[in-house]
Amino acid sequence: MAVPIIELQKVNKWYGEFHVLRNINLNVARGERIVVCGPSGSGKSTMIRCINRLEEHQQGHIIVDGTELTNDIKNIDAIRREVGMVFQHFNLFPHLTVLENLTLGPIWVLKKPKAEAEATAMKYLERVRIPEQAKKYPGQLSGGQQQRVAIARSLCMNPKIMLFDEPTSALDPEMVKEVLDVMVGLAEEGGMTMICVTHEMGFARKVANRVIFMDRGEIIEQNTPEEFFSNPQNERTQLFLSQILH
Amino acid sequence: MTTASESLPPPSISTGPIAWVRERLFSSPLNTVLTVLSVWLILMALPPFIEWALIKSSFTAATSQECRAGGGACWAFIGQKYRLILFGLYPYEEQWRPLIAAILLVAMIVASCMPRFWNVSLPIIWVGGLIVVAILMWGGVFGLRYVENTLWGGLPLTLILATFGIAIAFPFGIVLALGRRSRMPAIKTLCIMYIELIRGVPLISMLFMSSVMLPLFLPEGFSIDKLLRAQIAIILFAAAYIAEVVRGGLQAIPKGQYEGADSLGLSYGQKMRLVILPQALKIVIPPLVNLFIAAFKDTSLVVIIGIYDLMQSAKVSLTDPAWRGFSIEVYIFISIIYFLFCYSMSKYSQNLEKRLATGHKR
């Protein structure tokens, strides 16, 4: 197996007394698409948030594309430039227009000229199918549109890895599909390493190379989607699947 | 036809002035009493004031006796003394210089408020403008007579103290607010101590300390100009208050905004400057302007260390034995000046809030 793009070695994390990540070991291959699921409070969001240092792990090693995450701010910045993240609540900047949201990172972090950043931004807005909203403010868009803008904002940084932290959980049901469609499109294009925390099992079946089940801070089971859904090994996985697949 | 399409008629609305009066002024017994009381108060107070200020007043009298004869306000006194009030002890024949300096300052402030100047030209305008103001006020070059800053006074002085006070205290306050939220314990402690210490002390005592105590701590023969000391005291004082207001704004910004900026790889400085502060400051415009207005008026406290600002020069104008007893007129005059500046700040801030409101519109 080639060198993994993300390595988590014996990662542990505590919130005070609460042991939120227990001995997490995970290797992600370049271009791999992983769906992480599990009951709420199982540490799945915390795990992917550790990968771009929005949360700090206290034990173990996290190595992203050859760079280890330490307190060194240079490493953190280098990794954040390679890792895009889409949040449950979009986290768009409400005081900037859609276009300004998309060009902020490229202009200030990647030091691209404004015209070039805007051209790239428009390209990705077209890809998420809302180029006509470029001059609006995020507050004027629907939830689904905002999330698509957020995806485009991450893509504008040209990341090698995309992390999705429950991207459809805060959306009204009728808007889930438009966001998933964009994500499926991104996956089918290939090349992008994706880790997606979601309960959208249809999405998992369709695009994931691997499904990971977490509970109480541990990785309980991981398998290909076919095996994972048709033949879950662990009792807790079976219970979880029976609860979400009615 | 479905039932949904059969909409209800709109609620009956009563329009017209009579309906308005009935609804707004006499809708309940309490409301009626309050209305009558208010009208009575206005009728009691307004006509005598108008009679005093306008009808019986004198605008042209040449002496105080003549002025008093009318029984109304003596605005002629203001006409006699306005140059002393506006420019203090500045040499009389040179007073065109502070006049131009004051106009220039106001013009620069107005320009700073207009978005069309929000680019590289603004710092250039300020640097150039301040040099001109300094040359005009001090003189000593280009054949202008040198005027010591102890002779400065009146409105230009008030404007200088307020402009520099606010312009320097604002960024300083932002730095203090960020410092107070810093994760570095030394910086955090320092900022907290500074803010709490300064907030716990009246401005008057700081002005006294700056003029009495500071020289004690400075090496022999080393002294800081009195005006500069007062200016520094005003800046230090205002900054502590601004810091707390800005901190309130920072706390109102959701964690997701920080994370969104972090995930893009923005540095701390970029994150604050481009994402967090624009939103935080927008939220705190009303309390910030409140502080700016307070700082503007608080400059009048420099009288206690013997600086002739607008307030003090107004008081000095009252000491002329030939024109005794027109203090009400003078205080109304300078109150109007203070009011014009403060009300402009207030109006501008409302305007700014409206213009910046687009971001949160849903």
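Over all chains, the count comes to 24 salt bridges, each a side-chain nitrogen of Lys or Arg within 4 Å of a carboxyl oxygen of Asp or Glu. One of them pairs B:Glu259 with A:Arg49. B:Glu259 lies in helix H11 of chain B and A:Arg49 in helix H1 (residues 44–51) of chain A, so the pair joins two chains. Helices (H or I, at least four residues) and strands (E, at least two) are DSSP runs, numbered from the N terminus.

This is a predicted model: local features need pLDDT of at least 70, side-chain atom pairs count only at pLDDT 80 or more, and totals for chains, interfaces and linings use all residues. Residues are numbered from 1 along each chain as its sequence is written, chains are lettered from A and ligands numbered from 1 in the order in which they are written, and side-chain values use heavy atoms, with hydrogens and water left out.

**Where chain B meets chain A**

- In contact (heavy atoms within 4.5 Å) are 23 residues of chain B and 26 residues of chain A.
- The two chains bury about 2,100 Å² between them; this is the accessible area (1.4 Å probe) that two parts lose on being put together, summed over both.
- Carbon and sulfur atoms carry 56% of that area.
- B:Glu259, B:Ser263 and B:Leu264 supply 27% of the area that chain B buries against chain A, more than any other three residues.

**Bonds across the interface**

- Two salt bridges are counted between chain B and chain A.
- In the B:Glu259 and A:Arg49 bridge, the side chains meet at 2.5 Å, N to O.
- On the side of chain B that touches chain A, two elements give two or more residues: helix H11 (255–263) and helix H12 (268–283) of chain B.
- H11(B) gives the most to this side, with eight residues.
- The residues of this side divide into six nonpolar, ten polar and seven charged. Ala, Val, Leu, Ile, Met, Phe, Trp, Tyr, Cys and Pro count as nonpolar, Asp, Glu, Lys and Arg as charged, and the others, Gly among them, as polar.

**The cavity**

- On a 1 Å grid over the protein atoms alone, a cavity is a set of points where a 1.4 Å probe fits but cannot get out; lining residues have an atom within 4 Å of a point.
- There is one cavity of 30 Å³ or more.
- The largest cavity has a volume of about 50 Å³, the space filled by probe spheres set on the points.
- Its lining includes B:Ser263 and B:Leu264 from chain B, and A:Arg80 and A:Met157 from chain A.
- S6(A) gives the most to this lining, with three residues.

Definitions and conventions: On a 1 Å grid over the protein atoms alone, a cavity is a set of points where a 1.4 Å probe fits but cannot get out, and a pocket is an open set with protein on both sides within 12 Å along at least five of seven lines; lining residues have an atom within 4 Å of a point.
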